[in-house]
Amino acid sequence: MMTLLIGTNRPGSNARKVARHVEEIYAELKVPLHVLDLAHLPPEIFAPTSYAEKPKSFQPFSEAILRASGLHVVTPEYNGSLPGVLKYFIDMLKFPESFVKRPVCFVGVSAGIWGALRPIEQLQAIFGYRNAYIFPNASFCRR
């Protein structure tokens with residue numbers, strides 16, 4: 001099953017709106033899709049003790065990544081980068097197995113002229129380092 005990762009926890013974000021369109025595309029294609037929205041991360045994952053031991057409430061998020069046949073990441077651009085919550089989420093995932101040989105594609109959302117080019121490049125570097133299969137074509141949306 002594909003997993004769609006909404007890479008922000010900001011309420012009412014444009015990335016979440018774009019992700020809804022991506023969901024519709026998967027539905028039209030009849031591709032099973034699991035949506036993982038970082039707005040629903042359990043608050044206890046942000047405790048300093050989470051680095052040593054992940055809270056049980058984070059397990060469904062981690063398992064959704066590990067079970068995914070592929071990942072589709074929708075991320076906004078915040079201050080020329082990816083959202084901190086997305087980077088933190090990646091840091092909390094099991095290493096290295098969370099992304100190894102897992103296909104991944106990206107959609108960037110930005111108000112700027114380049115449509116989230118910078119955060120997508122940063123994510124490609126992170127996922128590449130963790131041995132994901134990165135689709136060579138990225139989509140960039142600007143409003």
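1. Basis. This is a predicted model, in which local features need pLDDT of at least 70 and side-chain atom pairs count only at pLDDT 80 or more, while totals for chains, interfaces and linings use all residues. Residues are numbered from 1 along each chain as its sequence is written, and side-chain values use heavy atoms, with hydrogens and water left out.

2. Fold. The protein has 4 helices and 6 strands, in the order β-α-β-α-β-α-β-α-β-β from the N terminus. Helices (H or I, at least four residues) and strands (E, at least two) are DSSP runs, numbered from the N terminus.

3. Overall dimensions. The C-alpha trace spans about 40 × 35 × 30 Å along its principal axes.

4. Buried residues make up 45% of the 143 residues; buried means under 20% relative accessible area, exposed over 50%, and partly exposed in between (1.4 Å probe, protein chains only). Of the contacts with a separation of 6 or more, 78% join residues 24 or more positions apart. Contact means heavy atoms within 4.5 Å.

5. Main core. The largest nonpolar core has 28 residues, and Phe89 and Phe127 have the most contacts inside it. At least two residues of this core come from each of α2, β3, α3, β4 (103-110) and α4, and α3 gives the most, with 6 residues. A second, separate core has 11 residues, among them Ala15, Val74, Val107 and Val109. A nonpolar core here is a set of buried Ala, Val, Leu, Ile, Met, Phe, Trp, Tyr and Cys residues joined through side-chain atoms within 4.5 Å. In soluble globular proteins, nonpolar side chains tend to be buried together.

6. Helix α3 and Phe127. In α3 (residues 84-92), Val85, Leu86, Tyr88, Phe89, Ile90 and Met92 are buried. The buried residues of this helix pack against β1 (2-6), β2 (33-37), α2 (59-67), β3 (70-76) and α4 (117-129). Leaving aside neighbours within four places in sequence, Phe127 is in contact with Leu71, Val73, Ile90, Phe99, Val104, Phe106, Ala132 and Ile134.

7. Leu4. Leu4 lies in strand β1 and is buried, at 0% relative accessibility. Beyond four places in sequence, the contacts of Leu4 include Ala19, Val22, Leu33, Val35, His72 and Val74. Leu4 and Ala68 are 64 residues apart in sequence but 9.3 Å apart in space, C-alpha to C-alpha.

8. Arg16. Neighbours within four places aside, Arg16 is in contact with Ile6, Thr8, Asn9, Arg10, Pro11, Asp37 and Ala39.

9. Salt bridges. The whole structure has 4 salt bridges, each a side-chain nitrogen of Lys or Arg within 4 Å of a carboxyl oxygen of Asp or Glu. One of them joins Arg20 and Glu23 (2.6 Å, N to O), which are 3 residues apart in helix α1 and so separated by about one helical turn. Arg20 is partly exposed at 37%, as is Glu23 at 24%. Another joins Lys87 and Asp91 (2.6 Å, N to O), 4 residues apart in helix α3. An α-helix has 3.6 residues a turn, so residues three or four places apart point the same way.

10. A bridge between distant parts. Glu77 and Arg118 also meet in a salt bridge (3.9 Å, N to O). This pair links the loop between β3 and α3, where Glu77 sits, to Arg118 in helix α4, 41 residues apart. Glu77 is partly exposed, at 21% relative accessibility.

11. Surface. The protein exposes about 7800 Å², of which carbon and sulfur atoms supply 58%. Accessible areas come from the Shrake-Rupley method with a 1.4 Å probe; for residues, only the protein chains shown count as cover. Ile25, Leu29 and Val31 make a nonpolar surface patch of about 270 Å², and Ile25 is in helix α1 (residues 14-28). Patches are made of residues with over 30% relative accessible area and no salt bridge: like charges are joined within 9 Å, nonpolar side chains (Val, Leu, Ile, Met, Phe, Trp, Tyr) within 5 Å.
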